[in-house]
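Here is a quick tour of one protein model, written for someone who likes to follow along on screen. Have the viewer open and pick out the pieces as they come up.

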Amino acid sequence: MPMTTFHQPIDAAKVPRFAGHSTFMRLPTVPTAEGLDIALIGIPWDGGTTNRAGARHGPREVRNQSSLMRAAHHASGIAPFSIANVADVGDLSVNPINLLDGLKLIETGMAQIVASGALPLSCGGDHLTTLPVLRALAKSGPVGLIHFDAHSDTNDSYFGDNPFTHGTPFRRAIEEGLLDPHRIVQIGIRGSVYDPGEHDWAKAQGIRIIYMEEFVRRGVGEVMAEARNIVGDAPTYVTFDVDSIDPSMAPGTGTPEIGGFTTREAQEMVRLLAGVNIIGADVVEVAPPFDLAGMTALVGATMMFELLCVMAEMVDRRR
């Protein structure tokens, strides 16, 4: 598709940000992902939340705050809307009162986007939304994962024998053959745990867990070099839980943990994903009911833009 036909966001210098429809990055909304290089998607569902619900409202508020994104990245110079065809394809269908049906609806909707050939960049929703996305993406074999989070999300069950919560998606994904555990790196893990051996299962599978203390000691560059080495050149999914950010900068989330990344560190890490074979990405756990002045939604929107720039450059390089 010639560059002149790529979808373009509304220019905030011509139409004020508070006017018009609220869409991701002020891009047009389109009914399907056909013809897109990258599809921006909302997943307004938090059926896996174990404590503070509210991430179902995340996509709407992230869309609102994403009006602050402009056409080009100030540091890299990447102009994503000029090198890739990007649009907002709306929200996936969800079921807020039936967990299993909700998971199936998300998988079905995402499978249609994947079948179109577009790379998905979604906004949740709680972290359980990543599981059906991976089911849609990894039908031909397990993929790698770069996972920014305060929590490993590899627990087994909650409240008896309930296997599907936002604390279990990556255990389920490994069991289902969606992820290659030897190509998973989790960065920023911290906070109190249910049991001293809570992460033993994950480590036994081969997952590389980089706790926040190690991240602080080693720094952004060294940690991301290891992350890129772990996933290699094979297909990799990137998931960014907003609770990886310190709650002083992102309070609007379901399970806040102090001692997290600064927003600047998070931006640096995502920029260093350049060269990774990204097949999709998400930003999850933005919970507007607990936010202050939209600051967490702004973090979510900005991290989506950072991911978009990396993905658009990859698309352009391949083209």
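This is a predicted model: local features need pLDDT of at least 70, side-chain atom pairs count only at pLDDT 80 or more; totals for chains, interfaces and linings use all residues.

Let's start with β7, which covers residues 236–241 and is mostly covered, with six of its six residues buried. Side chains in a regular strand alternate between the two faces of the sheet. Here Thr236, Val238 and Phe240 point one way, while Tyr237, Thr239 and Asp241 point the other way, and all are buried.

Which strands does β7 pair with? One partner is β4 (residues 143–148), which runs parallel to β7 and is joined to it by five bridges. Another is β8 (residues 278–284), also paired in the parallel sense, this time over six bridges. Thr239 is a handy landmark for both: His147 stands opposite it, and in β8 its bridge partner is Asp282.

There's a helix in the story too. Together with α9 (residues 263–271), β7 and β8 make a right-handed β-α-β unit.

## Aromatic pairs

A pair of aromatic rings is described by how far apart the centres are and by the angle of the planes. The structure holds four such pairs. Take Phe148 and Phe240: their ring centres are 5.7 Å apart and their planes sit at 45 degrees, so the pair is tilted. Phe148 belongs to β4 and Phe240 to β7, so this pair ties together parts that are 92 residues apart in sequence. Both Phe148 and Phe240 are buried.

Tyr158 and Phe159 also form a tilted pair, 6.2 Å centre to centre with 50 degrees between the planes. Is each of these two buried or exposed? Tyr158 has 11% relative accessibility, so it counts as buried, the cut-off being under 20%. Phe159 has 64% relative accessibility, so it counts as exposed, the cut-off there being over 50%. Ring pairs link Tyr158, Phe159 and Tyr194 into a cluster.

## An enclosed helix

Now look at α4, residues 130–137. Eight of its eight residues are buried, so this helix is largely enclosed by the rest of the structure. The buried residues of α4 include Leu131, Val133, Leu134 and Leu137, and Thr130 and Arg135 are on the list as well.

Rolling a probe the size of a water molecule over the atoms shows where empty space is left. The largest pocket holds about 370 Å³ of space. It is lined by 26 residues, and the closest to its centre are His151, Tyr158, Tyr194, Thr255 and Glu257. Two of those names, Tyr158 and Tyr194, also turn up in the ring cluster. By class, the lining of the largest pocket divides into five nonpolar, 13 polar and eight charged residues.

The second largest pocket has about 210 Å³ of space. Its lining has 13 residues, and Pro31, Leu92, Gly109, Gln112 and Ile113 are the closest to its centre. Both β2 (86–91) and α3 (99–115) supply at least two residues of this lining. Which element gives the largest share of the lining of the second largest pocket? That would be α3, with four residues. The classes in the lining of the second largest pocket come to six nonpolar, five polar and two charged residues.

Methods
Residues are numbered from 1 along each chain as its sequence is written. Side-chain values use heavy atoms; hydrogens and water are left out. Buried means under 20% relative accessible area, exposed over 50%, partly exposed in between (1.4 Å probe, protein chains only). Two strands pair if DSSP finds at least two bridges between them. A crossover is right-handed if, with the strands pointing away from the viewer, the path from the first strand over the helix to the second runs clockwise. On a 1 Å grid over the protein atoms alone, a cavity is a set of points where a 1.4 Å probe fits but cannot get out, and a pocket is an open set with protein on both sides within 12 Å along at least five of seven lines; lining residues have an atom within 4 Å of a point. Grid points are joined across faces, edges and corners, and a volume is the space filled by probe spheres set on the points. Ala, Val, Leu, Ile, Met, Phe, Trp, Tyr, Cys and Pro count as nonpolar, Asp, Glu, Lys and Arg as charged, and the others, Gly among them, as polar. Rings of Phe, Tyr and Trp (its six-membered ring) pair if their centres lie within 6.5 Å; planes under 30 degrees apart count as stacked, over 60 as edge-to-face and the rest as tilted.
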